Amino acid sequence: MRDPILALLAKEPAHGYELRQRLVQALGPPGRALNPGQVYVTLGRLVKAGLVAVEQVGQSSHPDKKVYELTAAGRDRVAEWLADLSWPKVTPTDFHLKLIAAAVAGLADPVALIDAQRHELLRQLREVQGAILVEPPDSRGGLLLEGAALRLQADIRWLEVCEQRWLDWSIR
Amino acid sequence: MSAPGGRPVVEATGLTRIYAADGVAVRAVDGVDLAVEAGETVSVMGPSGCGKSSLLHLLGGLDRADAGEIVLDGRRVEGLSETSWAVLRRRTIGFVFQSFNLVDELTAVENVELPALLVGASARRARHRAVELLERLGVADRRDHMPDRLSGGESQRVAVARALINDPLLILADEPTGNLDSRATGEILRLFADLRASGQSLLVVTHDARVASTADRLLTMRDGAVIGHTHLGGVAPVGSVLAGLADFGDAGGAR
């Protein structure tokens with residue numbers, strides 16, 4: 001959750017509850033399952049790691065007086081995360097949040113991110129397909145590879161849907 | 001895999017096809033440049049309606065372009081009469097379709113030999129070659145079956161045999177695995193890999209990433225235009241994915 005939180009902070013400094021709102025909204029229905037304290041715990045860790053700075057704002061009557069802001073190291077970490085294509089370490093949820101954070105903060109073109117990720121998945125699929133083709137057709141080992149190929153194929157289809165949607169949104 | 005200095009088997013420049021749909025001109029294919037070198041496999045991907053099938057139909061002469069040029073085996077197609085184009089096409093291009101397009105009234109072997117008979121091969125020679133191909137593609141035992149007695153995978157193998165019968169320079173395949181299950185898709189991919197190893201040039205239009213990923217090059221189309229061009233490279237390297245499948249997550253040692 002550290003990287004998505006950092007990326008969602010890239011647009012502007014925010015209160016913890018605002019960040020949590022952004023995250024819940026970006027996740028859609030799965031966001032409702034989010035543990036409320038988790039965002040604060042993560043923010044605390046990010047402050048400790050020097051990726052986020054925290055400022056107390058006194059004059060507000062709101063109980064949440066802390067405003068969080070990315071540090072220079074935090075910005076570097078966000079850029080690294082956006083460029084990381086190592087699927088499935090980068091999960092679909094990560095990737096989805098990456099697109100939203102990148103678009104909101106103007107950090108990168110979502111369609112370009114999708115394209116780069118799609119190429120990486122095609123490369124992985126090519127690797128799996130190449131391995132399948134040198135196996136005898138009915139080998140048991142081939143069955144494991146077949147599963148990997150089908151998952152990558154499904155992921156690539158999802159990226160194609162993402163690309164279409166983000167293109168539509170960018171035109172509007 | 002193309003011979004150095006070898007000319008492309010097919011080359012298209014500025015290829016354009018405009019359809020009128022409800023009084024609106026739709027540029028189904030919009031200024032596409034494309035070349036397939038000898039021995040090369042090129043895949044074309046893109047969302048449905050992006051013009052990838054239309055492009056294939058233009059290259060194969062199933063439809064005529066409104067603008068642009070096609071050079072097939074070093075010959076400009078535009079200047080040819082309908083008849084000469086048909087002859088050139090039958091001798092140089094083999095088609096594979098999503099729905100197999102086998103003739104229902106003919107047996108498997110009769111379907112395969114048909115294009116050879118159409119270019120004037122003797123019945124004896126055509127039959128000999130058709131049986132040879134059915135054997136090579138592993139469906140020799142289905143030679144006398146009617147198409148409705150064949151599985152999807154078998155039908156597509158017969159269709160590939162038919163596409164190969166006139167030793168085409170280029171195979172054009174339109175969603176060849178679109179109607180196949182995972183196992184039959186695997187068989188067709190294996191078949192295409194064998195064809196490539198024998199030096200066959202292929203242009204494959206597909207929305208199946210498994211098929212596209214095995215090509216030498218990948219073109220991505222949107223709204224009639226080619227918007228991306230990727231060299232997928234030679235033999236796929238063994239790397240992260242296979243290693244990941246053997247990662248048990250307890251590499252830290254005995255627990």
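How many helices and strands are there in chain A?

1. **Ground rules.** This is a predicted model, in which local features need pLDDT of at least 70, side-chain atom pairs count only at pLDDT 80 or more, and totals for chains, interfaces and linings use all residues. Residues are numbered from 1 along each chain as its sequence is written, while chains are lettered from A and ligands numbered from 1 in the order in which they are written.

2. **Elements of chain A.** Chain A has seven helices and three strands. Both kinds are DSSP runs, numbered from the N terminus: helices are H or I with at least four residues, strands are E with at least two. Read from the N terminus, the order is α-β-α-α-β-β-α-α-α-α.

3. **The sheet.** The strands of chain A form an open sheet in the order β1-β3-β2, with antiparallel pairing. Two strands pair if DSSP finds at least two bridges between them. At the edges lie β1 (14-15) and β2 (52-56) of chain A, each pairing on one side only. β2(A) is joined to β3 (residues 66-70) of chain A by five bridges, in the antiparallel sense. For Gln56(A), the bridge partner in β3(A) is Lys66(A).

4. **Overall form of chain A.** Along the principal axes, the C-alpha atoms of chain A fill a box of roughly 70 × 35 × 30 Å. Chain A has 172 residues, and 33% of them count as buried. Buried means 20 or more other C-beta atoms within 10 Å of the residue's own; exposed means 12 or fewer; partly exposed lies in between; C-beta atoms are placed from the backbone.

5. **The interface.** Here 22 residues of chain A are in contact with 22 residues of chain B. Contact means that the C-beta atoms of two residues, placed from the backbone, lie within 7 Å. On the side of chain A that touches chain B, α6 (110-134) and α7 (140-171) of chain A each supply at least two residues. α6(A) gives the largest share, twelve residues. By type, this side of chain A has twelve nonpolar, six polar and four charged residues. Nonpolar covers Ala, Val, Leu, Ile, Met, Phe, Trp, Tyr, Cys and Pro; charged covers Asp, Glu, Lys and Arg; the others, Gly among them, are polar.

6. **One residue in chain B.** Arg27(B) sits in strand β2 (residues 24-37) of chain B. Why is Arg27(B) partly exposed? Because 16 other C-beta atoms lie within 10 Å of Arg27(B). Leaving aside neighbours within four places in sequence, Arg27(B) is in contact with Thr16(B), Ile18(B) and Gly224(B).
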